[in-house]
Amino acid sequence: MKLLLNRLIIFVALCLFWTQHLSSKELKALYKLEVGGINIGDLEWRVEIKNENYKTSMFIKDKGIISSLYKFKGKYLSEGKVLGGIFIPSKYTQQWETRKKTRNVEIFFDNTFVSKINLYPKEDEAPRIDYL
């Protein structure tokens with residue numbers, strides 16, 4: 001009888017855990033970055049939806065044998081509103097770093113159109129397209 005009660009408690013606990021997880025509005029996925037079968041890094045991707053707002057993020061980091069030769073890490077963030085099942089961005093942020101270069105990008109949106117871009121370091125080259 002005791003064994004049956006223990007199994008029942010474990011079953012109920014697992015059901016509660018899984019139903020809470022399924023109703024969650026957060027997704028997290030982990031990926032291995034490979035080139036020609038060689039692991040060069042890890043990528044973590046998250047999507048969080050609360051009410052009518054969303055946030056997505058990706059984190060990239062070097063890993064494996066190649067990391068001693070080529071170090072990199074990056075962070076990509078996006079946020080905005082979800083209207084009628086469509087994701088409407090309000091801000092995008094990117095930070096990328098290697099041994100030789102650091103890059104920061106911020107893009108702001110107004111009604112799905114680019115309203116402002118901040119680049120660091122500043123680009124010397126003129127934009128190839130008129131993004132505004």
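Which residues line the second largest pocket? In this predicted model, the lining consists of E26, R46, V47, E48, K55, T56, S57, L77, S78, E79, K91 and T93. Two or more of the lining residues come from each of the strands β2 (38-50), β3 (53-62), β4 (72-83) and β5 (86-98). Sorted by class, the lining has two nonpolar, four polar and six charged residues; Ala, Val, Leu, Ile, Met, Phe, Trp, Tyr, Cys and Pro count as nonpolar, Asp, Glu, Lys and Arg as charged, and the others, Gly among them, as polar. The volume of the second largest pocket is about 180 Å³. A pocket is an open set of points, on a 1 Å grid over the protein atoms alone, where a 1.4 Å probe fits, with protein on both sides within 12 Å along at least five of seven lines, and lining residues have an atom within 4 Å of a point. The volume is the space filled by probe spheres set on the points, which are joined across faces, edges and corners.

Residues are numbered from 1 along each chain as its sequence is written. Because the model is predicted, local features need pLDDT of at least 70 and side-chain atom pairs count only at pLDDT 80 or more, while totals for chains, interfaces and linings use all residues; side-chain values use heavy atoms, with hydrogens and water left out.

Helices (H or I, at least four residues) and strands (E, at least two) are DSSP runs, numbered from the N terminus. Of the 132 residues in the chain, 17% are buried, where buried means under 20% relative accessible area, exposed over 50% and partly exposed in between (1.4 Å probe, protein chains only). The accessible surface amounts to about 10,800 Å², and carbon and sulfur atoms account for 60% of that surface; areas come from the Shrake-Rupley method with a 1.4 Å probe. Among contacts (heavy atoms within 4.5 Å) with a separation of 6 or more, 20% link residues 24 or more positions apart.

R103 belongs to strand β6 (residues 102-110) and is buried, at a relative accessible area of 13%. Leaving aside residues up to four places away in sequence, R103 touches Q94, Q95, W96, L119, Y120, P121 and E123. A polar atom of the R103 side chain lies 2.8 Å from the backbone oxygen of P121. P121 is located in the segment after β7 (113-120), and the peptide bond joining Y120 and P121 is cis, with omega about -5°.

G80, in strand β4, is likewise buried, with 8% relative accessibility. Beyond residues up to four places away in sequence, G80 touches E52, N53, Y54, I88, P89 and S90. The C-alpha atoms of G80 and E52 are 8.6 Å apart, at a sequence distance of 28 residues.

Most residues other than glycine have a negative phi, and most peptide bonds are trans. N51, in the loop between β2 and β3, has a positive phi of about 55° although it is not a glycine. With a relative accessible area of 76%, N51 is exposed. T112, in the loop between β6 and β7, also has a positive phi, of about 70°. T112 is partly exposed, at 43% relative accessibility.

Terms used:
Polar contact = N/O pair within 3.5 Å; in protein donor to acceptor, adjacent residues only side chain to side chain.
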